[in-house]
Amino acid sequence: MNALLTVLLLMTALTGSGVALTRTPRRQVMAMAANGLVLALLFMALQAPDVAFSELTVGTAALPLLFLVILASIRMDRSPRDGDKQGPDKP
Amino acid sequence: MNRFTELLPWIVAAWLLAVGLYGMITSRHYVQLIGCLSVVQASTYVLLLAVGYRRHAGPPIFYTHPPGTPAVDPVVQALVLTDIVIGATVTALLLALALQMHKRRGMLDPQELRPLSR
Amino acid sequence: MIGQLPPLPVAGPLAVAGLLLVFSHVLPKYVPDVIALLTALGAGIVCIIMAMHTARHPLVYWFGGWAPRHGLVLGIGFVVDQVEASLAAFVALLFFATLVFAWGYYDEVHAHFHVLMLLFMAGMIGFCLTHDLFNMFVWFEVMSVAAFALTGYALRSSALGGALNFTVVNTIGSYLILGGIGLIYSRVGALDFAALGRGVAAAPADPVITASFALIATGLLIKAAQVPFQFWLADAHAVAPSPVSVIFSGAMVAIGLYGVAKLTWSVYLPSPEIRFVVHRLLLGMGAASTVLGGVMALVQRHIKRLLAFSTISHVGIMLIGLALLDRTGLAGMFVYLVGHGLVKGALFMVAGIMLASLGGIDEIGLRGKGRDIWPAGIAMAAGGLLLAGLPVGLMDKGSELIDAAIHRHGQVWLMAAMVAGSAFTGAAVLRVTGRVFLGLGQVPGEEERSPSDDEQEKADRPLWLMMLPTSLLLLLALCAAHAAGEYAARIVLPFMHPQAEAILGLAPMKARHPAGVPEAPASWVPWFSVALALAIAAFELTRRHLPRLLVAPIDKVLNPALGLLRTIHSGLISDYITWLVVGLALFGLTFALS
Amino acid sequence: MTPRLRLIIFLLACIGLMPAFAHVAMRMPSFGAHPLPYGETINAVATKERHVTNMVSAVNFDYRGFDTLGEEFMLLCAVTGITVLLRGTRGEQTSARPGVLEGRPIRPRSEAVMLICRIFGTLTLMFGIYVALHAMTTPGGGFQGGVIIASATLMIFMGETYRGWRRLMHSEILDAIEGGGATLYALCGFASMVAGKPFLYNILPLGTPRDLFSGGLMLIENAGVACAVAGGFAVTFLEFLEETRAEKEDPE
């Protein structure tokens with residue numbers, strides 16, 4: 001067990017907790033990107049370059065982007081709550 | 001201390017699972033909950049790759065090293081690749097569902113949303 | 001020639017689905033319907049042929065030609081035996097009936113419904129046929145993702161909410177399965193079922209292996225919706241489009257249980273700890289699900305939700321059959337699985353007919369409105385009686401086999417659970433029949449306080465078209481029960497771990513020799529359960545005419561308990577995840593006890 | 001359940017699981033030094049048997065190629081689901097009518113931004129294709145390349161404004177690329193069967209190790225994956241970005 005792996009594993013736990021414990025979605029996206037980056041580094045250290053590459057493209061770029069897009073459209077969403085006659089739960 | 005580092009990958013995997021579930025249980029926003037799901041998934045990555053790890057071995061790619069040099073397990077890496085695709089697709093699907101839900105109900109608090117109202 | 005069949009029922013529908021998507025923009029109306037129907041039919045026929053040709057030895061198929069060398073499996077195999085092939089044929093048949101039922105209904109969006117249904121079917125068949133743990137997971141995910149998308153298909157807020165709960169809970173389950181795969185891979189270094197079974201036999205008391213079982217079983221039991229993982233099911237099945245609910249309740253949930261059966265019986269059986277957990281915890285979960293599902297079904301007014309709870313109850317009965325660790329019980333589980341799938345599929349079709357013809361799904365709102373569609377009422381009454389345990393057909397044969405296994409193990413309290421589950425669910429369905437089709441039951445009971453919805457489905461199909469698959473399924477559920485019992489008793493033998501007889505202390509059976517079906521332990525049990533169902537339904541429907549002295553005390557005793565149950569089924573995802581962790585902890589505690 | 005009660009139950013369950021976890025973790029195989037017969041055999045034989053140097057690709061496309069078939073169709077399934085979910089309420093019209101959108105004002109990008117995006121877009125695309133092509137030899141492959149190619153299309157969005165992006169991205173074409181890629185993978189399997197071999201048997205000449213075009217049938221499967229992933233992710237981006245368009249008012 002080398003020191004690099006130990007540090008990266010601890011950082012994974014730390015950034016992962018950061019994602020789970022960040023309450024605001026917008027900040028969480030940043031935490032997710034950071035977590036993705038640390039995971040990619042960890043995978044490099046675990047001798048898995050293919051997986052690291054995927055994690056980098058998906059976890060650090062594509063997914064946070066989708067989250068941002070969704071958050072933007074939720075913020076913009078002003079469509080009337082015609083719903084199905086149920087309306088919002090909170091008045 | 002040495003014993004601790006030996007166990008560290010399993011502890012980290014279990015911790016990610018637990019903290020991800022904790023985040024989901026206490027979440028007040030569905031998009032945040034979906035983010036926590038990715039933490040749960042990260043625990044499977046760590047577990048699988050740690051299982052396939054081998055000390056003093058290179059990546060399972062014999063481009064610069066000749067075949068036969070010690071390398072880590074390629075099978076778990078293939079499994080994790082599939083896992084990443086699964087995670088990404090399910091996350092995207094969940095985000096789409098959450099967005100539509102917001103359009104219907106105007107809020108996304110998992111502690112308020114019930115599929116069927118009384 | 002026969003040897004080339006195994007990949008076809010999986011890869012065929014996949015390729016057809018891909019092509020449908022490519023050409024979806026140019027295909028005229030009804031063409032996707034025809035293609036999907038033919039594909040389901042073709043897959044079913046291939047599976048039936050395989051079932052007919054595997055009586056003597058299994059069909060073994062190695063993808064990419066990677067046959068094992070020196071005992072080491074490098075690739076992925078399909079090992080198709082009669083259990084696998086029959087189950088896959090049942091799945092394909094149910095899809096065929098459902099596609100007939102949904103004929104022309106989903107023509108708005110470029111064949112997307114058909115693409116999803118075909119992928120759903122391919123995922124389930126792949127799940128049945130595969131002989132590799134990770135490949136099983138992949139097909140599990142294909143069917144899950146198709147199911148998630150189909151649940152939210154209607155885009156109503158209740159449908160979206162149900163789909164969200166379903167997706168989140170089941171995805172956590174998937175990750176638990178994956179964790180379990182990682183654990184067992186770390187110990188055994190293989191993914192093929194036979195190799196895993198050898199690995200477990202070599203290290204039966206290894207905690208890593210028991211932990212892998214706990215994680216994988218949890219994931220699969222989430223799919224099978226057993227207590228305490230059952231919460232998502234009622235939300236999802238109640239809101240999915242009715243053809244999709246047919247598949248959900250008829251096949252998908254049971255397929256999850258099949259996964260548990262496969263792993264328990266053919267991989268993990270040598271471990272004494274795991275046998276302990278199966279025999280204690282899984283049996284208890286099954287019994288609890290049976291009773292809880294029945295009680296919850298009785299207090300619903302949303303008909304699809306009612307049927308969804310009854311599915312939990314009946315899958316609980318199947319879990320009892322599995323967890324008795326008895327060959328007869330296992331055979332009974334398979335017969336019951338098919339019988340229940342057919343009956344429940346037909347009942348959900350009746351619910352779909354109501355949604356289309358009556359424009360509603362609320363039992364109280366539809367009171368007396370069903371007279372015009374009386375054939376559906378007959379189908380529903382028949383389905384209710386079969387659920388209640390009427391001693392004809394496949395469901396009865398299955399419960400007879402399970403009863404026999406229960407008696408052999410002397411755990412008669414399980415019989416009480418089974419009778420309660422059958423009677424309650426049957427009573428619930430019969431009450432709906434009486435209220436909707438006969439106009440009885442003016443004064444609603446406890447069910448009035450349950451959630452409901454004002455869903456409806458497009459009324460563009462003639463009644464006979466929808467009744468056709470409904471009656472087909474019911475007829476199939478009635479026919480050839482005795483033969484099916486013997487067939488099941490025979491085919492479970494190759495399904496089990498090679499050392500199963502030695503492990504379980506069974507008398508060794510000559511390979512592939514008909515086992516003979518044990519006699520029913522007590523022939524009055526099914527009649528008692530039907531009578532109980534009729535009595536409860538009559539009580540609920542004639543509440544107004546009954547003396548208050550009789551009704552009031554019953555309500556007073558029952559209502560607080562029912563209220564508590566309803567509070568637990570809150571619809572909140574946070575609660576569901578909490579219960580999921582509790583269920584996982586139950587596994588941990590039971591292992592500690594063993 | 002109140003949040004507090006929920007948390008208490010959760011924590012109790014976690015405490016209940018702690019001894020189980022400790023028991024299992026102590027008995028886990030020692031990290032980095034336990035036998036893994038499956039992977040070791042693949043490492044030992046795959047280069048000789050399949051003439052590729054990337055073992056992960058060999059597992060993904062050949063030894064366990066059937067998993068990847070399922071994976072591609074799962075992607076297809078999810079993307080179809082996303083399309084159904086998002087397009088359902090929006091209707092088909094908006095996506096079939098690019099550029100004629102009342103909502104988003106066409107804010108002209110500065111020339112410099114446009115240039116940078118064009119350059120980076122092209123570079124990203126090239127890089128994606130490069131990664132996708134090198135599946136058999138070095139890290140990377142159809143999946144990673146496909147995601148990068150799909151991201152390159154986003155550069156069009158950033159550089160050419162929404163209108164330009166919509167003009168170039170047609171959901172019909174992307175659907176066809178995605179479905180076609182996945183179908184290509186399935187057809188590879190059927191081609192092996194037509195040739196009288198098992199499904200997904202590598203029937204093509206294997207080439208020489210370390211060569212870009214080694215691996216035989218794996219190359220076509222890889223191309224199928226690249227198309228399916230690129231198309232699938234591009235459809236996802238398209239459908240999601242379509243949602244950021246306000247119905248009536250300008251968001252910014």
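This is a predicted model: local features need pLDDT of at least 70, side-chain atom pairs count only at pLDDT 80 or more; totals for chains, interfaces and linings use all residues.
Close-up 1. Helix 8 covers residues 207-224 of chain C, 18 residues in total. Helices here are DSSP runs (H or I, at least four residues), numbered from the N terminus. From first C-alpha to last, helix 8 reaches 25 Å, close to the 26 Å expected at 1.5 Å a residue; the expected span is 1.5 Å times one less than the number of residues. Helix 8 is mostly covered, with 18 of its 18 residues buried. Buried means under 20% relative accessible area, exposed over 50%, and partly exposed in between (1.4 Å probe, protein chains only). Asp206(C) caps the N-terminal end: a side-chain oxygen sits 2.8 Å from the backbone nitrogen of Val208(C). Just after the helix, Ala225(C) takes a positive phi of about 55°.

Residues are numbered from 1 along each chain as its sequence is written, and chains are lettered from A in the order in which they are written. Local features need pLDDT of at least 70, side-chain atom pairs count only at pLDDT 80 or more, totals for chains, interfaces and linings use all residues, and side-chain values use heavy atoms, with hydrogens and water left out.

**Close-up 2. Thr264(C) in helix 10 of chain C.** This helix spans residues 242-266. Thr264(C) counts as buried, at 1% relative accessibility. Beyond its neighbours within four places in sequence, Thr264(C) is in contact (heavy atoms within 4.5 Å) with Phe213(C), Leu269(C), Val278(C), Leu322(C) and Leu325(C).

**Close-up 3. A salt bridge between Arg54(B) and Glu40(D).** A salt bridge is a side-chain nitrogen of Lys or Arg within 4 Å of a carboxyl oxygen of Asp or Glu. Here the closest N and O atoms are 3.2 Å apart. The pair crosses between chains, from the loop between helix 2 (30-52) and helix 3 (74-105) of chain B to helix 2 (residues 37-50) of chain D. Arg54(B) is buried at 17% relative accessibility. Glu40(D) is partly exposed at 34%.

**Close-up 4. A salt-bridge network in chain C.** Glu363(C) and Arg431(C) meet in a salt bridge at 2.8 Å, N to O. Glu363(C) lies in the loop between helix 13 (327-358) and helix 14 (374-388), and Arg431(C) in helix 16 (residues 413-438), so the pair ties together parts 68 residues apart in sequence. Glu363(C) is buried at 0%, and Arg431(C) is buried at 0%. Glu447(C) and Arg435(C) also form a salt bridge, at 2.8 Å, N to O. Both Glu447(C) and Arg435(C) are buried.

Note on methods
Helices (H or I, at least four residues) and strands (E, at least two) are DSSP runs, numbered from the N terminus. A polar contact is a pair of N or O atoms within 3.5 Å; within protein, one must be able to donate a hydrogen and the other to accept it, and residues adjacent in sequence count only if both atoms are side-chain atoms.
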